[in-house]
Amino acid sequence: MTWQPISKDALEREIENQLRDLSVDELAYFEKIRVPLHRVAIHRRDVTEEVFIVAKFEGRIVFYDDVEDGFEIAVLNSEGVIEEYGCSQFSLQHIVNQLCK
């Protein structure tokens, strides 16, 4: 099977599934930083691809890395591109708890 980028609909379903795992406080926090899903460029080795941003917080973004199948935190460069990021497979709950500390 050939890898395909996640669709907006599939990511919306994934987010809704993971929201069920959040506590009331975690959900309230996420709703404060959540943004409408939109694509942004990401540099992966020698290729530029796109990922979806799901939240913004104090100059950082939360995006879904469909290669790693998880959420990640990054900063956009001056051109609005993700250049530096981890290769984690964080759940939305893990990300929320990292950001609200």
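**Close-up views of a predicted model**

**View 1. Asp65 and Arg44 are joined by a salt bridge, with 3.2 Å between the closest N and O atoms.** Here a salt bridge is a side-chain nitrogen of Lys or Arg within 4 Å of a carboxyl oxygen of Asp or Glu. Asp65 belongs to strand E3 and Arg44 to strand E1, so the pair ties together parts that are 21 residues apart in sequence. Salt bridges that share partners link Arg44, Glu49, Asp65 and Asp66 into one network. Asp65 and Arg44 are both buried, where buried means under 20% relative accessible area, exposed means over 50%, and partly exposed lies in between (1.4 Å probe, protein chains only). The model is predicted, so local features need pLDDT of at least 70 and side-chain atom pairs count only at pLDDT 80 or more, while totals for chains, interfaces and linings use all residues. Residues are numbered from 1 along each chain as its sequence is written, and side-chain values use heavy atoms, with hydrogens and water left out.

**View 2. Arg34 forms salt bridges with Glu16 and with Glu31.** In the pair with Glu16, the closest N and O atoms are 3.3 Å apart. Because Arg34 lies in strand E1 (residues 34-44) and Glu16 in helix H1 (residues 8-19), this pair ties together parts that are 18 residues apart in sequence; helices (H or I, at least four residues) and strands (E, at least two) are DSSP runs, numbered from the N terminus. The salt bridge between Glu31 and Arg34 likewise has an N to O distance of 3.3 Å. Arg34 is partly exposed at 30% relative accessibility, as are Glu16 with a relative accessible area of 39% and Glu31 with 40%. The structure has 6 salt bridges by this rule.

**View 3. Strand E4 (residues 70-74) is largely enclosed by the rest of the structure, because 5 of its 5 residues are buried.** Gly70, Glu72 and Ala74 point one way from E4, whereas Phe71 and Ile73 point the other way. Strand E3 (residues 60-65) runs antiparallel to E4 and is joined to it by 5 bridges, two strands being paired if DSSP finds at least two bridges between them. Val62 stands opposite Ile73 in E4. The hairpin of E3 and E4 has 4 residues between the strands, and Asp69 in this hairpin takes a positive phi near 65°.

**View 4. The largest nonpolar core holds 21 residues, of which Leu11, Ile15, Phe30, Val54, Val62, Phe71 and Leu99 touch the most other members.** At least two residues of this core come from each of H1, helix H2 (24-33), strand E2 (47-57), E3, E4 and helix H3 (92-99). A nonpolar core is a set of buried Ala, Val, Leu, Ile, Met, Phe, Trp, Tyr and Cys residues joined through side-chain atoms within 4.5 Å. Leaving aside residues up to four places away in sequence, Leu11 touches Ile6, Leu37, Phe52, Val54, Tyr64 and Phe71, contact meaning heavy atoms within 4.5 Å. A second, separate core of 9 residues includes Val40, Ile61, Ala74 and Ile82.

**View 5. Cys87 is exposed, with a relative accessible area of 54%, and Cys100 is partly exposed, with 39%.** The structure holds 0 disulfides, a disulfide being a pair of cysteine sulfur atoms within 2.5 Å.
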